[in-house]
Amino acid sequence: MYDFRLDEVSRWIMGKGARTFALQMPEGLKSHAQELGRELEERTGGKCVLIADPCYGACDVDQSFTDYADVLVQFGHADIPSMQAGPDVLFVEVFMDMDISSLLPRALPLLKGSVGVLTTVQHVRMIPSVVKWLESNGHTALVGKGDSRIVFEGQVLGCNISAVEPLKGRADSFLYIGSGDFHPLSVAIETDRPVVVIDPLMQEVRELSELRERILRQRHGAIVRASEAKRFVILVSTKVGQRRLGMAWDLRRMLEENGRSADVIVLEEFHPDRLLPFDADAFVSTACPRIAIDDYLRYPKPLLTPVEVEIVLGLRSWDDYRLDSITGEASGQE
Ligand code: SF4
């Protein structure tokens, strides 16, 4: 099912003259790690170290790899160009071309007018055939290119749906190919257009309007709960592509100007237990935008996004709500 592109990877390792290389990959690929390591050792003559810590995205490069390896290969994610991970890090997209021919006809009645096509990096190679299929079924298919955090046309990240920008006002609905609901949920909230998901792994088709309403109700509840908060703790990730320290200082200034107190805390892995010692009425996450949404119920106090802080302070209206995003311009490393 997976294309690990070992010819390219071994050429790159040998071209670097690396004697040791580290492999990093998301949970879903880790069961292949030992086999990949051995195969690459054989091909390159180098020694391989496997990284077991979680890896959530290209934003999450193991920054200590130089302690034990000459180079790092991260499988499963596209580079984030604006992050500039450095010359000794290689991102290897792992493409999955899956058969969705039985799902496309089920998506058809849910789509309207011109259709914006979006996906994650695993499935970008499927875009041309989906475009062709849409057009042969009477729809205009539109594919946009995101900002400098994005490599491929039509590609979105959980933190960046800028590929939608060029399609605004042109797409009447969106078709997202991929698993999970977070990426298409951002699109549904940002565009207020129907978003249909074709999930190749689950072999499922779903529409997101109900989820959109449920999450918006939950976020509205978080904002209301935080509106009386006096003490805020602003959380900053140490992960290289999620680090928005400059934004944290701006938020602190904004909160203080509006009569609240705020402390800035940095941490690598976000977990409610890590925050127990700290005195706060509400938390603000400047890290991966998924954390505040996906993990919200695990935190005993409201966990807000930066956009939501603006609403709490009356600096933005609820009508202008959107999920948090990390743009190419502010790609971590602040
Ligand atoms: S910040 Fe979150 S959504 Fe963005 S690349 Fe990293 S893990 Fe993915």
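Let's walk through this structure, from its domains down to a few single residues.

First, some ground rules: this is a predicted model, where local features need pLDDT of at least 70 and side-chain atom pairs count only at pLDDT 80 or more, while totals for chains, interfaces and linings use all residues. Residues are numbered from 1 along each chain as its sequence is written.

The protein is assigned domain 1 (6–92), domain 2 (104–207) and domain 3 (216–320), with bounds that come from an automatic or database domain assignment. Taken over C-alpha atoms, the centres of domain 1 and domain 2 are 29 Å apart. Seven residues from domain 1 and seven residues from domain 2 make the contact; two residues are in contact if their C-beta atoms, placed from the backbone, lie within 7 Å.

Now head inside. A residue is called buried if 20 or more other C-beta atoms lie within 10 Å of its own, exposed if 12 or fewer, and partly exposed in between, with C-beta atoms placed from the backbone. A nonpolar core is a set of buried Ala, Val, Leu, Ile, Met, Phe, Trp, Tyr and Cys residues joined through C-beta atoms within 7 Å. The largest nonpolar core has 65 residues, and Val115, Leu175, Phe232, Ile234 and Leu304 touch the most other members. Strand 10 (residues 231–237) gives the most to this core, five residues in total. (Strands, E, at least two residues, and helices, H or I, at least four, are DSSP runs numbered from the N terminus.) Domain 2 and domain 3 each supply at least three residues to this core. What does Phe232 contact, leaving aside its neighbours within four places in sequence? Its partners are Leu255, Arg260, Ser261, Ala262, Ala280, Ala282 and Val284. There is also a second, separate core of 31 residues, including Phe4, Leu23, Val89 and Val121.

Val115 brings us to strand 5 (residues 115–119). Five of its five residues are buried, so strand 5 is largely enclosed by the rest of the structure. Val115, Val117 and Thr119 point one way, while Gly116 and Leu118 point the other way. Strand 5 runs parallel to strand 6 (residues 141–142), joined by two bridges, and Val115 sits opposite Ala141. Two strands pair if DSSP finds at least two bridges between them. Both strands belong to an open sheet of five strands, in the order 6-5-7-8-9, with mixed pairing. Strand 6 and strand 9 (204–207) are at the edges with a single partner strand each, so one side of each has no neighbour in the sheet. Over at the strand 9 end, four bridges join it to strand 8 (residues 195–199), and these two run antiparallel.

Next, the loops. Asp192 lies between helix 5 (182–191) and strand 8, and is exposed, with 10 other C-beta atoms within 10 Å. Its phi is positive, near 55 degrees, in a residue other than glycine. Gln84, in the loop between strand 3 and strand 4 (89–92), also isn't a glycine and has a positive phi of about 50 degrees.

Finally, which residues are around the ligand? They are Tyr56, Gly57, Ala58, Cys59, Leu157, Gly158, Cys159, Gly241, Gln242, Cys288, Arg290 and Ile326, where a residue counts as near if its C-beta atom, placed from the backbone, lies within 6 Å.
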